[in-house]
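Please look at the sequence and the three-dimensional structure shown below. The paragraphs that follow lead from the overall fold to one helix and then to the charged side chains.

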Amino acid sequence: MKKIEAIIKPFKLDDVREGLSSIGVSGLTMTEVKGFGRQKGHQELYRGAEYQVDFLPKIKIEIVVTDDIVDRAIETITEMAKTGKIGDGKIFVYNVERAIRIRTAEEGEDALS
């Protein structure tokens, strides 16, 4: 099993969720986060005053999938989140040693569905 974390632009969340659902991903966790990379923030004007916004709003999606669909999940996230502009995001993949469903105590892949 693998855990996939993706940092994406907020307006791409629905597209990514629908794409993942279409390949059989049954659940995900979404967190509103802020950060910066190459974008380095931007200038904004508020009530006539300019100020620097260093941390930009992003969405972090977390899913745990079986090894057989990891590549499809990554391809789907990449395809659905891509705008072709700086700041499209990043994807990180981690090994998952164990997964347990709290309600039933099911473990492994049984705990994912």
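What percentage of the 113 residues of the protein chain count as buried? The share is 31%, where buried means under 20% relative accessible area, exposed means over 50%, and partly exposed lies in between (1.4 Å probe, protein chains only). The model is predicted, so that local features need pLDDT of at least 70 and side-chain atom pairs count only at pLDDT 80 or more, while totals for chains, interfaces and linings use all residues. Residues are numbered from 1 along each chain as its sequence is written, and side-chain values use heavy atoms, with hydrogens and water left out.

The protein chain has two helices and six strands, and along the sequence these follow the pattern β-α-β-β-β-β-α-β. Helices (H or I, at least four residues) and strands (E, at least two) are DSSP runs, numbered from the N terminus. The protein chain is more spread out than a compact globule, because its radius of gyration is 17 Å, well over the 13 Å that the globule rule gives for 113 residues. This radius is taken over C-alpha atoms, and the globule rule is 2.2 Å times the number of residues to the power 0.38. Along the principal axes, the C-alpha trace spans about 55 × 30 × 20 Å. Among contacts between residues at least 6 apart in sequence, 71% join residues at least 24 apart; contact means heavy atoms within 4.5 Å.

Within H2, Val-70, Ala-73, Thr-76, Ile-77 and Ala-81 are buried. Seen down the axis of H2, these buried residues fall within an arc of 130°, so they line one face of the helix. The arc is that of the directions from the helix axis to the C-beta atoms. The buried residues of H2 pack against E1, H1, strand E5 (56–65) and E6. On the other side of H2, Asp-71, Glu-75 and Glu-79 are exposed.

Side chains of opposite charge can pair when their charged atoms come close. A search of the whole structure finds six salt bridges, each a side-chain nitrogen of Lys or Arg within 4 Å of a carboxyl oxygen of Asp or Glu. One of them joins Asp-88 and Lys-9, whose closest N and O atoms are 3.7 Å apart. Asp-88 counts as buried at 17% relative accessibility, and Lys-9 is buried at 12%.

Another salt bridge, between Arg-98 and Glu-107, has an N to O distance of 3.0 Å. Here Arg-98 is exposed, with a relative accessible area of 57%, and Glu-107 is partly exposed, at 39%. Elsewhere, salt bridges that share partners join Lys-3, Glu-5 and Glu-62 into one network. Glu-5 lies in strand E1 and counts as buried at 13% relative accessibility. Leaving aside neighbours within four places in sequence, Glu-5 is in contact with several residues, including Lys-60, Glu-62, Lys-90 and Tyr-94.
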